[in-house]
Amino acid sequence: MLKLLLQTAFSLLCLSANAQLVLSGSPTDSESSLRGLCAVNESICWVSGSEGTVLRTTDEGKTWKNLSPKGYEDLQFRDIHAFGKDTAIILSAGLPAVICKTVNGGKSWKEVYRNEAEGVFFDAMDFWDEQRGMAFSDAPEEHLLIITTTDAGETWKEIPKKHSPKVFSHQGGFAASGTCINTFGKSSALIGLGGPEATVLLTNNFGKTWIKTLAPIDFGEPSKGIFSIDMLNENFGYCVGGDYQADSLTNQNVATTKDGGKTWQTLEHPEILSLYKSCVNVINENDIIATSRTGIIYSHDSGKTWHKLNGSFYSVSTVSGVSWLSGPSGSVARIIW
């Protein structure tokens, strides 16, 4: 009954001077915490999460099919990337670190990567195209563990330590939504970290070299930092974060870049500077959406003004004018822009 009431509550209407947004629930019949999310189009979406859960819809969220791989029930698949209704790749957080792939719509899964080394904790992955992708783990020591694929996730290779960015000892990102790494352009990627500082790492050559900068996001504690990065193009993008353990103490949770992640600027909007955010999507030059368990914020004017929607969701993935959102207790919803 409680779950039914929560799903019903997801359906609401928010009016603004610029647009009308509808947040509608999409019952999954799952109780898992769904942090991995990848929208393929307005009809197809994949989600993943706790208890080794993987779900997929092909009918705009009307029904969901459980495609969870057998034997991985103890893992948390915090990130998922899909290339259609048949091909998807899932990444687990914690140990063992596992990547699995399906090419037949989840009928079978192939384990393509495993790492059980102490200190390994993968946060996120992303892909430039169907062949080339990158994933990263917290630093087991003073260098991030970064792995790459050039064959559609069939095999993964570790970037040698001498080419991997040096960070604070055991510094890492956050596996809150699978979006603290963002690939963009022909060969660029950004990684956002937290803890001692809100670190941004930038590569423009598939990880061969890296430069480091900082974003004006709350930092200083293990629970603070950058949780999500999304680039619209090679220049313009956003990052979000804050303190997930002390939402009310978050002072800065949104920043923007206009030079491909080399520098970041604070947004001076007091109404959005409290409560951390775990995921951000830059939909176009005007529309931005960010979410977390504390609610949803969105802008229609490149961040000049912001609006709020109720709803507890960890992740958001937008394609073809539809934003899909996933969260606790198997919750999934959609927003039509």
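Start with the residues that line the largest pocket of this predicted model: 20 of them are nonpolar, 9 are polar and 5 are charged. The lining has 34 residues in total, and the pocket has a volume of about 730 Å³.

To find the middle of the pocket, select H81, D126, D230, S317 and T318, which lie nearest its centre. Next, colour the strands that each supply at least two residues of the lining: β3, β7 (76–82), β11 (122–127), β15 (181–184), β19 (224–231), β23 (279–282) and β27 (315–319).

Zoom in on β5 (residues 54–57) beside β6, where the two pair in the antiparallel sense over 2 bridges. Show L55 here: the residue opposite, in β6, is N66.

Now move to the largest nonpolar core, which has 16 residues. Select M134, F136, L144, I146, I191, L193 and L201, the residues with the most contacts inside this core. Strands β12 (133–137) and β16 (188–192) each supply at least two of the core's residues.

For the last stop, select W46, Y72, I80 and I90. They are among the 15 residues of a second, separate core. In soluble globular proteins, nonpolar side chains tend to be buried together.

Conventions:
Residues numbered from 1 in each chain as written. Predicted model: local features only at pLDDT ≥ 70, side-chain atom pairs only at ≥ 80, totals over all residues. Heavy atoms only, no water. Pairing = 2+ DSSP bridges. Helix = DSSP H or I, 4+ residues; strand = E, 2+ residues; numbered from the N terminus. 1 Å grid on protein atoms, 1.4 Å probe; cavity = no way out; pocket = protein on both sides within 12 Å on 5 of 7 lines; lining within 4 Å. Points joined across faces, edges and corners; volume = space filled by probe spheres on them. Nonpolar A, V, L, I, M, F, W, Y, C, P; charged D, E, K, R; others polar. Core = buried A, V, L, I, M, F, W, Y, C linked by side-chain atoms within 4.5 Å. Buried < 20%, exposed > 50% of the residue type's maximum accessible area, 1.4 Å probe, protein only.
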